[in-house]
Amino acid sequence: MGFEPPQRLVRALGRTYGRTAAAEWLDRLPELLPGALEQAGLTAERVVAPGGRSSLVVLVPGAALKLAPPAARPDLERDALAHWNGWGTVKLLGEAGEGGLLLERLHPEVSLRSLPEAKALLEAADTIRKLWVAPPAGHGFETVAARTERQAGLMASYQADADAGTLVTAALTARAELLAGTGTGTGTTAGADTGSGPGSDETFLLHGAFRQGKVLAGDRSPWLAVGPEPLVGERAYDLARLVRDRVEDLVAASAGASTARRRVNKLADSLEVDRERLRGWTLFRAVESATRALTAGLRADAELLLEFAGWL
């Protein structure tokens, strides 16, 4: 099959894994894709475009084939999807080739972002609630503490930045307090078998990259989550990325700041997550994304995220 990988994927892989590593994997795609298709006994219909930012998705009869570079850890996505077994997520049908996952076919052109905002958030909350289960025994998923420790290392280099420095320091402080179990409010937590403290000791299986665009329309269920970057830890961390969905609209709105704060409270209350812990992880994740955008030279994106973070 001759094809050109979607440009969004090419750009995103270069920013995430470096141009050299990204180019090496992209150069191998013309052999990886036919090999995966042959192994699964399938024929390609079309490449999903613009597609995702970490993998190539090809529609095949009755299913979808997803190929991702080793750095994206498709093995961990496989393990998480197998554990969820279609409960709130796309169903794993099997493996194909190197780093290839054969998945239930959804409707990639229809995500929660196609719905009005209020309805989208309601459906997103219902979906993510299903994913928060105890992780499998002997799992290899990293923890929230380990993932954010790696991220904090890059963030620290921006503490002297004239524009981002104050918020970077605030975000790093928030992380330290959250992991220490301090700086929380009086919200409740759920799941006696998976942690019952202020949140820092929860050990749920988390999606890791949950947002409206990661929930697609399906036939088996109206909405199903895709593209996890799984880890284990507290639910507030997993919910934090959803809080800033449609950040461009929030920043453009005259009441954006108050809307963002209400969104924190509404999502926290509807999912029984501590408000202050959700606010703290939302701050950390927004600033972390801003520093990655700065590193990639995407200053406009970083400015949006920093303005949002400043409201919290």
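Predicted model: local features only at pLDDT ≥ 70, side-chain atom pairs only at ≥ 80, totals over all residues.
Q: In what order do the strands of the 5-stranded open sheet lie?
A: Strands of a sheet pair through backbone hydrogen bonds, in either a parallel or an antiparallel sense. Strands here are DSSP runs of E with at least two residues, helices are runs of H or I with at least four residues, and both are numbered from the N terminus; two strands pair if DSSP finds at least two bridges between them. The 5 strands of this open sheet follow the order β1-β2-β3-β5-β4, with antiparallel pairing, and its edge strands, β1 (46-47) and β4, each pair on one side only.

Q: Where in the hairpins does a residue take a positive phi?
A: The hairpin of β2 and β3 has 2 residues between the strands, and Gly62 takes a positive phi near 75 degrees there. In the hairpin of β4 and β5, which has 4 residues between the strands, Gly97 takes a positive phi near 70 degrees.

Q: Why is β3 described as largely enclosed?
A: A residue is called buried under 20% relative accessible area, exposed over 50%, and partly exposed in between, with a 1.4 Å probe and protein chains only. In β3, 5 of the 5 residues are buried, so the strand is largely enclosed by the rest of the structure; Ala63, Leu65 and Leu67 cover one side, and Ala64 and Lys66 the other, all of them buried. Strand β5 is likewise largely enclosed, because 5 of its 5 residues are buried.

Q: How does helix α2 run relative to β3?
A: Axes are lines fitted to C-alpha atoms, for helices over the stretch in contact, and angles run from 0 to 180 degrees between N-to-C directions; contact means heavy atoms within 4.5 Å. Helix α2 (residues 19-40) lies across β2, β3 and β4, and runs at about 145 degrees to β3.

Q: Is Thr89 buried or exposed, and what does Thr89 touch?
A: Thr89, in the loop between α3 (74-84) and β4 (92-95), counts as buried at 1% relative accessibility. Not counting residues up to four places away in sequence, Thr89 touches Leu81, Trp84, Glu104, Leu131, Arg220, Leu224 and Ala225.

Q: Which residues of the largest nonpolar core touch the most other members?
A: A nonpolar core is a set of buried Ala, Val, Leu, Ile, Met, Phe, Trp, Tyr and Cys residues joined through side-chain atoms within 4.5 Å. The largest such core has 74 residues, of which Phe210, Leu239, Leu278, Trp281, Leu283, Val287 and Phe308 touch the most other members. Its largest share, 9 residues, comes from helix α10 (residues 275-295). A second, separate core has 19 residues, including Leu29, Ala36, Val47 and Val58.

Q: How many residues of helix α7 are buried?
A: Helix α7 (residues 235-243) is mostly covered, with 9 of its 9 residues buried, among them Tyr237, Asp238 and Leu239.

Q: Which elements give two or more residues to the lining of the second largest pocket?
A: Rolling a probe the size of a water molecule over the atoms shows where empty space is left. A pocket, found on a 1 Å grid over the protein atoms alone, is an open set of points where a 1.4 Å probe fits, with protein on both sides within 12 Å along at least five of seven lines, and lining residues have an atom within 4 Å of a point. The elements in question are α4 (117-131) and α9 (256-270), and the residues of the lining include Glu117, Arg129, Arg262 and Ser270.

Definitions and conventions:
Residues numbered from 1 in each chain as written. Heavy atoms only, no water.
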